[in-house]
Amino acid sequence: MQIVQQQVCFGGRQIRYQHHSNVLKCDMQFSVFLPPQAEFGSVPAVYWLSGLTCSDENFSSKAGAQRVAAELGLALIIPDTSPRGEGVADDEDGAYDLGLGAGFYVNATQAPWNKHYQMYDYVLSELPALVEAQLPLSSKRAISGHSMGGHGALVLALRNPERFVSVSAFAPISNPSDCPWGEKALGAYLGADREMWSHYDASLLLLSKGCSLPMLVDQGEADNFLAEQLKPQVLVHAAKAGHADLTLRMQPGYDHSYYFIASFIEDHLRFHAEHLS
């Protein structure tokens, strides 16, 4: 890992790294916040997955999570939202919801995406192995995310409950098999077989597998994407059917922006710290 930039933040260190990903077959950047407690021993980590059009820098600079993470002794691991670089496929029309910045945290099976777009394996396996080998991190992990990243966090946790102790999300794409963002991305990355889509749909996974992990979801009631794209009510129905431990909080007046995340990120980090300890 090569350090791109580093600064002191709330007594800890905010670091941006670059490395070559064997899974994604390209150079990747990701950000890490190490709390001051990491100077004296290994600390648990919360993985944060960002949404459409974002990179690893959005959460680092806008969410205001470092103060609480420093208090709680939590590392923050923040990957980019897609592979990038020369030769990496992008949407031919430059659309924001497919290609660069829109990896959807799946393992693509369809050309040209399947050469680089293996974000599921990257977040699940390659990135944790890398950072846990080279940084003072324990093997205790939680995962969270926003919008497309909320979808990714839920899917990764539901499919791999042994890897995480808790999961949370802000305004997740809860049922991507049945919304425009999800249908476009999953159709492109995975092909027309909707059975393949079900492996990356949190609501369908809850119906088929249930969930043993504690889940916290916040959703703004003034979110422009609420009815068409996000569909939290489908997630709630699936959680009840699967007897899952889901807390959904509808927040009046909040939209889809990072102001929403900054307002409630402390709650989410305290939720994860409770289980990581």
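## Basis of the values

Residues are numbered from 1 along each chain as its sequence is written, and side-chain values use heavy atoms, with hydrogens and water left out. Because the model is predicted, local features need pLDDT of at least 70 and side-chain atom pairs count only at pLDDT 80 or more, whereas totals for chains, interfaces and linings use all residues.

Buried here means under 20% relative accessible area, exposed over 50% and partly exposed in between, with a 1.4 Å probe and protein chains only.

Leaving aside residues up to four places away in sequence, Tyr189 is in contact (heavy atoms within 4.5 Å) with Leu98, Gly99, Ala102, Gly103, Phe104, Val106, Ala108, Thr109, Gln110, Trp113 and Tyr117.

## Helix 7 against helix 9

Helices are DSSP runs (H or I, at least four residues) and strands likewise (E, at least two), numbered from the N terminus. Helix 7 (residues 202–209) packs with helix 9 (residues 232–241) at an angle of about 10°, their axes lying 8 Å apart; the axes are lines fitted to C-alpha atoms over the stretch in contact, and angles run from 0 to 180 degrees between N-to-C directions. The angle makes the two helices roughly parallel, a term for angles under 35 degrees.

On the side of helix 7, Ala202, Ser203, Leu206 and Leu207 meet Val234, Leu235, Ala238, Ala239 and Ala241 of helix 9. These contact residues divide into eight nonpolar, one polar and no charged, where Ala, Val, Leu, Ile, Met, Phe, Trp, Tyr, Cys and Pro count as nonpolar, Asp, Glu, Lys and Arg as charged, and the others, Gly among them, as polar.

## Aromatic pairs

The structure holds twelve aromatic pairs, that is, rings of Phe, Tyr and Trp (its six-membered ring) with centres within 6.5 Å, stacked when the planes are under 30 degrees apart, edge-to-face over 60 and tilted otherwise. Trp181 and Phe225 form a tilted pair, 4.7 Å centre to centre with 45° between the planes. Trp181 lies in helix 5 (residues 180–190) and Phe225 in the loop between strand 8 (215–220) and helix 8 (226–230), so the pair ties together parts that are 44 residues apart in sequence. Trp181 is buried, at 3% relative accessible area, whereas Phe225 is partly exposed, at 30%.

The rings of Phe260 and Phe264 have centres 5.9 Å apart and planes at 70°, and the pair is therefore edge-to-face. Both residues, Phe260 and Phe264, lie in helix 10 (residues 258–276), four residues apart, about one turn of the helix. Ring pairs also link Trp48, Phe59, Phe170, Tyr254, Phe260 and Phe264 into a cluster.

Notes
Angles under 35 degrees count as roughly parallel, over 145 as roughly antiparallel, 65 to 115 as roughly perpendicular and the rest as oblique.
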